[in-house]
Amino acid sequence: MSGFGKRVDFEDLLPVMAQKLGGEALIRELCNGFELLMDRERRVITAESLKRNAAVLGLQDMKDDEIASMVREGDLDGDGALSEMEFCVLMFRLSPELMDESWSLLENVLCQDGFENSGF
């Protein structure tokens, strides 16, 4: 993620977690992470709730605009917050290895179901 020429790099641990935990347990862990970061009243992750809990992620030095950018990155419906689903999708999107693996699995399923020529 870039912000005013500064780059914050994250070690991609999701593939290791997926391998050790399996798919269902990984999703459960992502949901636990979501609950840790969410606004308790709204039940979504907002820039404010992320800032409040940033130290848990080792992000206590991030600027407000960088935190807001993180939320915007995953905000698929444009409501200014991350739902649990948006959070999980974002975590997968930020993991190149899991995305490659997911696309491969999707292609295999589509080929098995006869969608080879559908444009996917």
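Helices (H or I, at least four residues) and strands (E, at least two) are DSSP runs, numbered from the N terminus. In these terms, Thr46 belongs to the loop between α2 and α3 (47-52). The model is predicted, so that local features need pLDDT of at least 70 and side-chain atom pairs count only at pLDDT 80 or more, whereas totals for chains, interfaces and linings use all residues. Residues are numbered from 1 along each chain as its sequence is written, and side-chain values use heavy atoms, with hydrogens and water left out.

Thr46 is buried, at a relative accessible area of 2%; buried means under 20%, exposed over 50% and partly exposed in between (1.4 Å probe, protein chains only). Leaving aside neighbours within four places in sequence, Thr46 is in contact (heavy atoms within 4.5 Å) with Asp39, Val71 and Ala81.

With the same exclusion of neighbours within four places, Ile45 is in contact with Phe34, Leu37, Met38, Leu50, Val71, Ala81, Leu82 and Phe87.

The contact between α4 and α5 is made by Met70, Glu73 and Gly74 of α4 and by Glu86, Leu90 and Arg93 of α5.
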